[in-house]
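The following note sets out comments on the structure shown below.

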Amino acid sequence: MAWDGEEELREHDTATGAWIVIAIHSTRLGPAVGGTRMKPYPTPEEAETDARRLSAAMTLKMAASGMPWGGGKGVLAIPAGLTPDARRGLLHRYGRIVASLGGRYHTAPDVGTSSEDMDRIREAAGPLVFGCSEANGGSGPSGPATALGVHAAIRMTCEEAFGSASLAGRSILVQGAGSVGGALIDRLLADGGRVSFSDVDAAAIGRTRERGIPFIEPAAAIGAPCDVFSPCALGGVLTAVTAPRLRCRAVAGGANNQLADDAAAEALAARGVLYAPDFIANSGGACSGIHMEADGWTRERAERDVEERVIASLRAVFALARERHITTDAAAREIARRRLDGGVART
Ligand code: PHE
């Protein structure tokens, strides 16, 4: 896969059979930051491709949010059924690698890793880790703050698509009821939204169904009629093939890399579906974690900033897309690109 990043490291952990990949995409605006994703991958090459793509998304996320940080990502491609001891050993080894990068890469939670995992990484990496548990002086899981930003993005997207930000009576399908999707569902329900969900994980399905949220089979999620489709699971759900099957008016969610490629963005626009660019909609967890830990902000201040910034960023994106007749994804990339070219972050 072609990649315009700066640095990459790939190691095999013979003790567990896991592959460790760290991709540093850009340090143009500051040290690279990005979560650590831990899950099985069919091949080490796929883990590497994921790390590369996700690190590029972090660069866009930080730039579009005006943060003085760059983009990176860690992927731990683990075999299924890792024991707790093996997991701990792997996290320590990974932490030592993060430390060896001398501050060029900072990490945080992502799909498959928790605040407790960050505590383990920190034991070896020192202060280069965001999102450690609160008991350990960290900002805790990033999912709830990501959900806060996605919620603001859904409201803003509804304002643009329907002329009102109110979610009362709006039908919203949340794909993935994990740490982001689960917290998002609470917020949507509190707003009077008509929420349904889809997931592939038996525990998440059981837990969410028990709350009386209607379940949509994964295979039916893309084509399910709703006002807003909110991808909050893994990336690549929107392609030139799936986008034309959507029966929603807007897409706004927390997953990274929702669009498989540029053709997917065009297909969404052709279908008249308003897309909230993922790296803006899902920026809340990263931005608030960094503000709280690196800048000493209170949680209240960081959360207020997430809502205000996501709304302001999306407003700018929608305006630019309208004015220039480009997709919202292209508009968001352009805004990020200007910051990267200028080399100046918001203060
Ligand atoms: N997983 C987060 C994301 O993709 C990464 C992150 C969380 C970075 C918290 C910093 C602090 O945005």
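How many residue pairs are in polar contact between domain 1 and domain 2, counting those with both residues at pLDDT 80 or more?

1. The model is a predicted one. Between domain 1 and domain 2 there is one residue pair in polar contact, with both residues at pLDDT 80 or more. The count of salt bridges between domain 1 and domain 2 is zero.

2. On the side of domain 1 that touches domain 2, β3 (32-39) and α1 (44-64) each provide at least two residues. Helix α1 gives the most to this side, namely three residues. By class, the residues of the side of domain 1 that touches domain 2 comprise three nonpolar, no polar and five charged.

3. As to the domains themselves, the assignment for the protein chain places 7-58 + 71-136 in domain 1 and 143-283 + 313-338 in domain 2. Eight residues from domain 1 and four residues from domain 2 take part in the contact. The centres of the two domains, taken over C-alpha atoms, are 26 Å apart. The area buried between domain 1 and domain 2 is about 480 Å², and 53% of it is on carbon and sulfur atoms.

4. The residues around the ligand include Gly-35, Met-58, Ala-108, Pro-109, Ser-142, Asn-256, Gly-285 and Ala-286. Lys-61, Lys-73 and Asp-110 are also among the residues around the ligand.

5. Three side chains may be listed with their distances to the ligand. For Lys-61, an N or O atom of the side chain is 2.6 Å from an oxygen atom of the ligand. For Lys-73, a polar side-chain atom lies 3.4 Å from an oxygen atom of the ligand. For Asp-110, an N or O atom of the side chain is 2.8 Å from a nitrogen atom of the ligand.

6. Side chains of opposite charge can pair when their charged atoms come close.

How values were computed. Residues are numbered from 1 along each chain as its sequence is written. This is a predicted model: local features need pLDDT of at least 70, side-chain atom pairs count only at pLDDT 80 or more; totals for chains, interfaces and linings use all residues. Side-chain values use heavy atoms; hydrogens and water are left out. Domain bounds come from an automatic or database domain assignment. Contact means heavy atoms within 4.5 Å. Buried area is the accessible area (1.4 Å probe) that two parts lose on being put together, summed over both. A salt bridge is a side-chain nitrogen of Lys or Arg within 4 Å of a carboxyl oxygen of Asp or Glu. A polar contact is a pair of N or O atoms within 3.5 Å; within protein, one must be able to donate a hydrogen and the other to accept it, and residues adjacent in sequence count only if both atoms are side-chain atoms. Helices (H or I, at least four residues) and strands (E, at least two) are DSSP runs, numbered from the N terminus. Ala, Val, Leu, Ile, Met, Phe, Trp, Tyr, Cys and Pro count as nonpolar, Asp, Glu, Lys and Arg as charged, and the others, Gly among them, as polar. A residue is near a molecule or strand if one of its heavy atoms lies within 4 Å of it.
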